[in-house]
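Work through the exercises below with the sequence and the model at hand. Try each task before reading its solution.

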Amino acid sequence: MQKITKEVYLKWYEDMLFWRKFEDKLAAVYIQQKVRGFLHLYNGQEAVLAGALHAMDLSKDKMITAYRNHVQPIGMGVDPRRVMAELYGKATGTSQGLGGSMHIFSKEHGFYGGHGIVGGQIPLGAGMAFGDKYHETGAVTLCYMGDGAVRQGSLHETFNMAMNWKLPVVFICENNGYAMGTSVERTANHTDIWKLGLGYEMPCGPVDGMNPVKVAEAMHEAMERARKGEGPTFLEMKTYRYRGHSMSDAQHYRTKEEVEEYKKIDPITQVKDIILEKKYATEADLKKIDKRVKDLVSECEKFAEESPWPEKNVMYDTVYEQEDYPFLQHKL
């Protein structure tokens with residue numbers, strides 16, 4: 001793994017701060033009904049992405065996740081203006097405005113969604129890894145899921161096949177504690193989700209998902225194992241989301257005091273403290289970063305606001321139609 005240098009810490013700080021502020025802006029425009037439908041925000045979980053990106057080879061590695069998926073493609077190189085435009089439903093969005101919040105996608109940058117079906121991305125992630133093994137690309141797929149998705153049968157079917165075929169995939173459970181609104185303690189008789197890997201003799205373990213250094217170390221080890229042909233790993237990133245499951249979540253299942261306790265170990269604050277402690281930058285330097293972040297968020301909002309709506313025919317152009325379907329007869 002590349003050494004975690006001063007430059008890495010400064011990049012982590014700027015990236016994570018931008019992801020946080022980008023989604024804070026999304027929350028604000030959602031209330032104004034400029035973004036419609038569901039909106040699932042990543043606030044608090046940024047270290048999971050920052051650490052993973054440090055371990056990845058972005059020239060070939062891939063990522064697939066669920067519907068909390070706005071900042072991952074940005075981290076992998078997608079223009080954040082296009083991501084915001086997609087959430088606005090505009091033609092300049094990553095899917096021409098047809099995907100929306102839960103379906104950000106970029107084949108060019110190795111980001112394969114954005115999936116609205118709980119656990120639906122898990123077998124797809126293994127399938128992508130199968131393709132890489134078959135074609136001997138040397139790439140590794142990172143397949144993310146929430147703690148609620150691990151109750152899906154498809155996860156167990158996928159784990160079994162991934163181990164049987166020694167696929168180059170890392171399965172990551174972002175355990176933010178509550179799934180849609182039910183704690184892990186109420187949905188299983190065990191709280192250590194990572195132990196699900198033991199039943200398949202899959203290398204597995206817990207990771208501090210609030211610390212990008214810990215995430216990077218665990219991800220590097222798992223990805224190196226995959227590249228050597230030794231198969232998958234299952235990591236449980238213990239993290240926390242500060243906002244509700246979605247913007248419509250009243251959050252009656254937890255206290256405000258609990259949220260504030262977790263904010264004491266905020267990943268952005270942790271990185272900022274190290275930067276100042278090691279004198280990698282001054283407060284004045286960080287304020288310049290803060291301004292860059294604020295300006296870029298404003299630029300994204302302006303781009304989305306001013307972008308055109310997609311033409312209606314685009315909706316029909318993206319629907320598959322088989323004109324010679326054998327069981328349909330067109331009658332006058």
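Predicted model: local features only at pLDDT ≥ 70, side-chain atom pairs only at ≥ 80, totals over all residues.

Residues are numbered from 1 along each chain as its sequence is written, and side-chain values use heavy atoms, with hydrogens and water left out.

**Exercise 1.** Find which strands pair with S5.

Solution. Step 1: locate strand S5 at residues 233-238; strands are DSSP runs (E, at least two residues), numbered from the N terminus, and helices are such runs of H or I with at least four. Step 2: apply the rule that two strands pair if DSSP finds at least two bridges between them. Strand S3 (residues 169-175) runs parallel to S5, joined by six bridges, and Asn175 has Lys238 as its partner. Strand S4 (residues 204-208) is also parallel to S5, with five bridges; here Val207 stands opposite Met237.

**Exercise 2.** Decide whether strand S5 is enclosed or open, and do likewise for helix H2.

Solution. Step 1: take the cut-offs: buried is under 20% relative accessible area, exposed over 50%, and partly exposed in between (1.4 Å probe, protein chains only). Step 2: five of the six residues of S5 are buried, so this strand is largely enclosed by the rest of the structure. Step 3: in H2 (residues 46-55), ten of the ten residues are buried, so this helix is largely enclosed too. Among them are Glu46 and His54.
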